[in-house]
Amino acid sequence: MITPQELQRLLELLDVTHTDEIDCTEFLHRVAGYVERLEASGKLPPGYEDVAQHLEVCPECNEELEALYRALRG
């Protein structure tokens, strides 16, 4: 049985889902470039909108991003 909180989260994810999305594998291939450009400019780099959108819906890739930031900041 699905809980009301789980149902709410599913509805939130449906709201931010796009017809063309990258998967986790593609995210992992592109995350280093995303971080590099984001750090350099302080704003969403052009051409990385799909990476940012993936982060909105994928907690696992958010963890990967945080681990990358921790490694970079040492």
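Modeller: Happy to! Let's begin with a term we'll need: a helix axis here is a line fitted to C-alpha atoms, over the stretch in contact, and angles run from 0 to 180 degrees between N-to-C directions. Also keep in mind that this is a predicted model.

Colleague: Okay, so how do the axes of helix 2 and helix 3 cross?

Modeller: The axis of helix 2 and that of helix 3, which covers residues 49-57, come within 10 Å and cross at roughly 120°. Helix 2 and helix 3 are therefore oblique to each other. Their crossing is left-handed.

Colleague: And which residues make that contact?

Modeller: From helix 2 you have Cys 24, Phe 27, Arg 30 and Tyr 34, and from helix 3 there are Asp 50, Val 51, Ala 52, His 54 and Leu 55. Sorted by class, the contact of helix 2 with helix 3 has six nonpolar residues, one polar and two charged.

Colleague: Let me zoom out for a second. How many helices and strands does the protein chain have?

Modeller: Four helices and zero strands. Reading from the N terminus, the order of elements is α-α-α-α.

Colleague: What does the C-alpha trace span?

Modeller: Along its principal axes, the C-alpha trace of the protein chain spans about 45 × 30 × 20 Å. There are 74 residues in the chain, and buried ones make up 28% of them.

Colleague: Which pLDDT does the chain average?

Modeller: The average pLDDT is 89, and 96% of the residues score at least 70. Among the elements, helix 1 (residues 4-16) has the lowest mean pLDDT, 80, while helix 2 has the highest, 94.

Colleague: Good to know. Back to the helices: how do helix 2 and helix 4 cross?

Modeller: Helix 2 runs over residues 24-41 and helix 4 over residues 59-73; their axes come within 11 Å and cross at roughly 40°. Helix 2 and helix 4 are therefore oblique to each other. This crossing is right-handed.

Colleague: Which residues meet there?

Modeller: On the helix 2 side they are Cys 24, Phe 27, Leu 28, Val 31, Ala 32, Val 35, Leu 38 and Glu 39. Helix 4 brings Cys 61, Glu 64, Leu 65, Leu 68, Tyr 69, Leu 72 and Arg 73. By class, the contact of helix 2 with helix 4 has twelve nonpolar residues, three charged and no polar ones.

Colleague: That leaves helix 3 with helix 4. What angle do their axes make?

Modeller: The axes of helix 3 and helix 4 cross at roughly 115° and come within 6 Å. That makes helix 3 roughly perpendicular to helix 4. Helix 3 passes helix 4 in a left-handed crossing.

Colleague: Who meets whom in that one?

Modeller: His 54, Leu 55 and Val 57 of helix 3 meet Pro 59, Cys 61, Asn 62 and Leu 65 of helix 4. The contact of helix 3 with helix 4 divides into five nonpolar, two polar and no charged residues.

Colleague: What about Arg 30, is Arg 30 buried or exposed?

Modeller: Arg 30, found in helix 2, counts as buried because its relative accessibility is 18%. With residues up to four places away in sequence not counted, Arg 30 touches Ile 22, Gly 47, Tyr 48, Asp 50 and Val 51.

Colleague: Now try Ala 71, over in helix 4. Buried or exposed?

Modeller: Exposed: Ala 71 counts that way because its relative accessibility is 59%. Ala 71 and Val 35 are 36 residues apart in sequence, and from C-alpha to C-alpha they are 12 Å apart in space.

Colleague: Last one: among contacts between residues at least 6 apart in sequence, what percentage join residues at least 24 apart?

Modeller: For the protein chain, that comes to 59%.

Methods: Residues numbered from 1 in each chain as written. Predicted model: local features only at pLDDT ≥ 70, side-chain atom pairs only at ≥ 80, totals over all residues. Heavy atoms only, no water. Helix = DSSP H or I, 4+ residues; strand = E, 2+ residues; numbered from the N terminus. Parallel < 35°, antiparallel > 145°, perpendicular 65-115°, else oblique. Left-handed = near helix turned anticlockwise from the far one by under 90°. Contact = heavy atoms within 4.5 Å. Nonpolar A, V, L, I, M, F, W, Y, C, P; charged D, E, K, R; others polar. pLDDT = per-residue confidence, 0-100. Buried < 20%, exposed > 50% of the residue type's maximum accessible area, 1.4 Å probe, protein only.
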